[in-house]
Amino acid sequence: MARAVESMGYEVKCNIGSSAFKMDMGIVDPSDRQRYLMGILLDGEHCREAATARDRFLLQPEVLEGLGWKVMRVWTLDWMDDPARVLGRIRQGIENARQSREPVEKEKEPAVCFETFQRLEREEAPETGARIYESARIAPAGLPDDFYLPENRKKISRVVRTILEKEAPVSRKLLLRKVLGAFGISRAGARVEGIFSAVLEREEKVVTRDEDREFYWKKEQNPDEYAIYRVGDDESGRRSMDDIPSREIQNAALEVLRQQGSMTRADLVRETAKKFGFSRLGNVIESVVGYVLQESLDKGLLQESENGKIGERM
């Protein structure tokens, strides 16, 4: 990858830094060889050395950006699948960095270690919309047959409230699955759906609908003012894309554009999905993210240029 970037006329240095954590690639500023235009993080051994997904995908880039780096993350499988596409992204990132002209001084090369990331968690969080998705801990509430008993409706309601309090906004599909899991039920039929719907009707909540998906928010949450997106720190917090509200996906897409500049619809779908930890696209991801992007274009939050690139409307 470094050789390919060098073929574009740039000097590239690898494994930059003097600590356990290093920048995988740094593109040297042609106008000042003591500075870097941009850094590239890969998903190689330096990424694996991070203890958690939060360290890898949130804290590492935040620390580097705090030190002045323009950071781009590149996935190895993307490079293997289509190096030309990745090289195009890198070229665009370099151009964006050159236009902003905020290079990094050599003495500010990242010399941070993972203890720094732990310290940053205790200090004021750097500016980013990313947060960790925290799953509610639900104790077993009963046996499958208990779910159908009228006297257990309050028990079902308590499980619903526990999940909403911790995880809202949450999709109906995910909420139902977790409630049924508390009773040891693996599949929902018409009778189960009816009981679940009856319980939900009595709960105070805000309801939003994204295409054919329904989401429940706490009554004090305002979807129009929701400015974050949540990523799973482990498997328990990993949601499928159709369980993520459009508002979160929209916030992630806007952050991609602010970090990397305008890009094609296909690239924006891919980069937005990566914000949630998806390195590969599938039909569900392409459909859900594509829907959100089109909604954002229709509402004027995004704009599409004549060359087919999407950017944030200024």
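Predicted model: local features only at pLDDT ≥ 70, side-chain atom pairs only at ≥ 80, totals over all residues.
Residues are numbered from 1 along each chain as its sequence is written, and side-chain values use heavy atoms, leaving out hydrogens and water.

**View 1. Strands E2 and E3 form a hairpin.** Two residues lie between the strands. E2 (residues 23-29) and E3 (residues 32-42) run antiparallel, joined by five bridges. Look for Ile27, whose bridge partner in E3 is Met38. Strands (E, at least two residues) and helices (H or I, at least four) are DSSP runs numbered from the N terminus; two strands pair if DSSP finds at least two bridges between them.

**View 2. E3 also pairs with strand E4.** Here E3 and E4 (residues 71-74) run parallel, with four bridges. Leu42 stands opposite Val74 in E4.

**View 3. Welcome to the largest nonpolar core.** A nonpolar core is a set of buried Ala, Val, Leu, Ile, Met, Phe, Trp, Tyr and Cys residues joined through side-chain atoms within 4.5 Å. Among the residues touching the most other members of this 26-residue core are Met241, Phe276 and Leu293. Elements giving two or more residues to the core include helices H10 (246-260) and H12 (283-298).

**View 4. Asp78 sits in helix H4 (residues 76-81).** Asp78 counts as buried because its relative accessibility is 9%, and buried means under 20% relative accessible area (1.4 Å probe, protein chains only). Leaving aside residues up to four places away in sequence, Asp78 touches Pro83, Val86, Arg270, Lys274 and Ser279, where contact means heavy atoms within 4.5 Å.

Definitions and conventions
Buried < 20%, exposed > 50% of the residue type's maximum accessible area, 1.4 Å probe, protein only.
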